[in-house]
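Welcome! Below are a few exercises with worked solutions, to be read alongside the structure. Try each task yourself before reading on.

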Amino acid sequence: MQLTILRPDDWHLHLRDGQALNAVVPHTAHRFGRAVVMPNLKPPVTTVEAARLYRERILAARPSGSHFEPLMTLYLTDATNAAEIKRAKASGFVHAVKYYPAGATTNSDAGVTGLERAYDALAALEEHDLPLLVHGETTDPTVDIFDREAVFIDRVMKPVCDRFPRLRIVFEHVTTRDAVDFVRSAGRRIGATITPQHLLLNRNALFQGGIRPHNYCLPVLKRELHRQALVEAAISGSPQFFLGTDSAPHARHTKETTCGCAGIYSAHAGIELYAEAFEAAGALDKLEGFASMFGADFYGLPRNTDSITLIRESWSPPASYGFGDHELVPFRAGETIAWSLRDDTQG
Ligand code: NCD
Ligand code: ZN
């Protein structure tokens, strides 16, 4: 069995920098036409000039002949001002601004400490019609980690939507039924990305026979009922839900340790894993909209015009990939993935 679809894009991706960047870019560039690149480097990408230089490094890391296009983002801080937002819009290569609540996840220390401090920047985003990308988890340490997304909706998402009625927002990596319901009720100006791991796994995968650091990401995997709500949203054909892998590489030794980093690496199978999830739901015909159309439409970019072909032939990712001087353990390492990318359609 084969499936040919317009070339997909990844609307939420971590590429890192330096040797790590060189190690991971080819995986994404083979599958995806474009990717929205997260700005949580150390130090974070807070200016258009830093984004321009980072973009150059990504372009230099592409395999020869690749047309892969990185879509850059800025990292919102308490100090982001309206002038920088205006420059971002004018640049043509910065496509969004990312809001990390300070302390919510990997490299988020420089994030916004209280969203009211960023209201001028949000007003500028609304004025220039640049989307705000949101890591939607409260950082209140008294809130149970499995409830942090739902609490964030009430405490932050709803008030921001009310205050900025024309601001377009992507609720990144939604993980709960609560978030799916919120996005649906909020209408077309709100979009949401969904990762492969949140479609394929529930929180049992964190503790299968022992603790599984390579299944740990943020927002953390949730209960089965939430996974089912995400699958329903992804296959619904609603243009509000689109592909964002949140592929987030960390060296093996930083995950297999007493306090392991959050992040799952999935770029090596960034479309194949979704094909598996859509097939399991009996909805392969809905994959193309989710993977190759709705994200571009939301961002106001043209859809890709070339295509890829997926084949229903299983393969096994290796135990690890090289990652600079370290190793990177990919999702499904040593196990099987049901779909492969046909070689002659690699970008
Ligand atoms: C991401 C990372 O490692 O940069 N980790 C993750 O678990 N998703 C950060 C993020 O998107 O939360
Ligand atoms: Zn992310």
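This is a predicted model: local features need pLDDT of at least 70, side-chain atom pairs count only at pLDDT 80 or more; totals for chains, interfaces and linings use all residues.

**Exercise 1: helices α3 and α4**

Describe how helix α3 and helix α4 pack.

Solution. 
- Step 1: find the helices. Helix α3 covers residues 82-91 and helix α4 covers residues 119-128.
- Step 2: take the axes. They come within 8 Å and cross at roughly 30°. Angles under 35 degrees count as roughly parallel, so α3 is roughly parallel to α4.
- Step 3: The crossing of α3 past α4 is right-handed.
- Step 4: name the residues that meet. From α3 come A82, I85, K86 and K89, and from α4 come A121, A124, L125 and H128. This contact holds 5 nonpolar, 1 polar and 2 charged residues.

**Exercise 2: helices α6 and α8**

Now work out how α6 (residues 177-186) and α8 (residues 224-234) are packed.

Solution. 
- Step 1: read the axes. They are 8 Å apart, at an angle of about 30°. The two helices are therefore roughly parallel to each other.
- Step 2: collect the contact. On the α6 side are R177, D178, V180 and R184. On the α8 side are L225, H226, A229, L230, E232 and A233.
- Step 3: sort the contact by class. There are 5 nonpolar, 1 polar and 4 charged residues.

**Exercise 3: backbone details in loops**

Where is P43 placed, and where is P219 found?

Solution. 
- Step 1: look at P43, in the loop between β3 (34-37) and α2 (48-60). The peptide bond from K42 to P43 is cis, with omega about -5°.
- Step 2: go on to P219, in the loop between α7 (196-200) and α8. A cis peptide bond links L218 and P219, with omega about -10°.
- Step 3: finish with D129, in the loop between α4 and β6 (132-134). Its phi is near 55°, a positive value in a residue other than glycine. Most residues other than glycine have a negative phi, and most peptide bonds are trans.

Definitions and conventions:
Residues are numbered from 1 along each chain as its sequence is written. Chains are lettered from A and ligands numbered from 1 in the order in which they are written. Side-chain values use heavy atoms; hydrogens and water are left out. Axes are lines fitted to C-alpha atoms, for helices over the stretch in contact, and angles run from 0 to 180 degrees between N-to-C directions. Helices (H or I, at least four residues) and strands (E, at least two) are DSSP runs, numbered from the N terminus. Angles under 35 degrees count as roughly parallel, over 145 as roughly antiparallel, 65 to 115 as roughly perpendicular and the rest as oblique. A crossing is left-handed if the near helix is turned anticlockwise from the far one by less than a right angle, and right-handed if clockwise. Contact means heavy atoms within 4.5 Å. Ala, Val, Leu, Ile, Met, Phe, Trp, Tyr, Cys and Pro count as nonpolar, Asp, Glu, Lys and Arg as charged, and the others, Gly among them, as polar.
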